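Good morning, and thank you for coming. I would like to take you through a pocket and some salt bridges, so please turn to the screen.

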Amino acid sequence: MSRLGSVQRKVPCLFVTQVKEEPSAKRERQPFKVLATETINRKALDADIYNAVPTEKVDGTCCYVTTYKGQPYLWARLDRKPNKLSEKRFKRFMYSMEDSKEFIWNIEEDFRPVPECWIPAKEIQQSSGNPLPDENGHIPGWVPVEKNSKQYCWHSSVVNYEAEIALILKCHADDPGLLEISSVPLSDLLEQTLELIGTNINANPYGLGSKKHPIHFLVPHGAFEIKNPPMLKHSDILSWFESCREGKIEGIVWHCNNGHLIKLHRHHLGMCWPIPETYLNSQPVVIAVNRTKYDCDFEPKCLFNHFSKLDGQRFSRLKDIKFDV
C-alpha cells in the first residue's frame, strides 16, 4: 500500500485562521469558532503545499498500527488530558485571548493518569523527556486495542490478531473508480495511521450498516487522492465544496513531500458537516475477503465472517452494503 504522511501531531490548517466570537446564547458550549482567512499559512508554504498530494479527509476516529506483545497491533487514539482544575485554568487563559503570554503546564501534576501501556504520539514536542501538550492542552497518544475490548469494541471488530489481519477500505488497484473492502495483513500497515469509520463512529456520517448489523472498517490516511482538486484559493475551494461531486467530503488533507500534512475542514469555511449525501458513500465497492486464505476460523458474528460471505460481490454504493443475517 502506498505510504503517505501519518497523523502523529496536530495538523495545521491551509489558511491562517482567525477566532470569531459566537453570540452569547452559544457561549456556554463554545465561546468562539475558528474560521479560515484568505491568507495561506506559512507552515503550508514552507512544506511546499503547491506540490503536495491532496486527499480526502475521512470522518472517523484516528488509529495507529505498531508492535505490541511482539506482533502488529491496532492502537486507539487516547489523548492525555488535564485534570479538572488545570483544565479550568487553561480555558480561562484561552478565552482571555492573551496572545502575548504562554501558558505554563506542570506535566507531572496537571494531567490525568493514563494506562501503563499508553504511549505518546510520535513527533510531539518534548521537554526533559516529557511529552508536551499541544495547543488544545492535550498530549496526543495511543493505547493498544485488545481482543474483545469493551471500551474499544468497534476498533477490535476490524482486526483479527490470530490471523493478523485488518479490514481495510481503499481504492481498487485496477479500477480507480471502484472501492474495495479487503482483509490486509497488519504487518503491511506497520507505523501507519488510519481512520476507523462506520455505524457507531462520529454519528455515522456515511450511513454505513445499521444498529442491528453495524459495519466498520479502517481507511489508511491518504487512501483517497482527489483527482480534480481546486486551486489553492479560498473562493475556489469554497466553490468546489459547494458544487463539485468530488467535493462532497469532510475536508482535504494535503500530503507534502517532506512528510508534513496540511488540512482544511468544511467548518473552516463556515460550511456544514455532515451532509446528506457524501462522495464516499455513493461510490461503487467490491468485497475481497477470502476466508480460505487463513488458517483460523472466523467467529460467526464477526465482521470478517460476514464480509467473507460477500466475497466477490459488488455494490453500486458503499452505503448499500447489507449483511444477510
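Let me begin with a question: is Arg317 buried, partly exposed or exposed? Arg317 is partly exposed, with a relative accessible area of 32%. Please keep in mind that what you see is a predicted model.

Arg317 has a partner. Its side chain meets that of Asp320 in a salt bridge, at 2.9 Å from N to O. Asp320 is partly exposed as well, at 24% relative accessibility.

By the rule applied here, the salt bridges number 11. Another of them joins Asp79 to Arg77, with the closest N and O atoms 2.5 Å apart. Asp79 has a relative accessibility of 17% and therefore counts as buried, since the cut-off is under 20%. Arg77, at 32%, is partly exposed.

A further salt bridge is formed by Glu299 and Lys147, whose closest N and O atoms are 4.0 Å apart. This pair links distant parts of the chain, 152 residues apart: Glu299 sits in the loop between β17 and α5, and Lys147 in the loop between β9 and α3. Glu299 is partly exposed at 46%, whereas Lys147 is exposed at 53%.

Glu299 also brings us to the second largest pocket. Among the residues nearest the centre of this pocket are Glu299, Lys301 and Cys302. The pocket has a volume of about 640 Å³, and 25 residues line it. Of these lining residues, 11 are nonpolar, eight polar and six charged. The elements α3, β10 and α5 each supply at least two residues of the lining.

Thank you for your attention.

Methods: Residues are numbered from 1 along each chain as its sequence is written. This is a predicted model: local features need pLDDT of at least 70, side-chain atom pairs count only at pLDDT 80 or more; totals for chains, interfaces and linings use all residues. Side-chain values use heavy atoms; hydrogens and water are left out. On a 1 Å grid over the protein atoms alone, a cavity is a set of points where a 1.4 Å probe fits but cannot get out, and a pocket is an open set with protein on both sides within 12 Å along at least five of seven lines; lining residues have an atom within 4 Å of a point. Grid points are joined across faces, edges and corners, and a volume is the space filled by probe spheres set on the points. Helices (H or I, at least four residues) and strands (E, at least two) are DSSP runs, numbered from the N terminus. Ala, Val, Leu, Ile, Met, Phe, Trp, Tyr, Cys and Pro count as nonpolar, Asp, Glu, Lys and Arg as charged, and the others, Gly among them, as polar. Buried means under 20% relative accessible area, exposed over 50%, partly exposed in between (1.4 Å probe, protein chains only).
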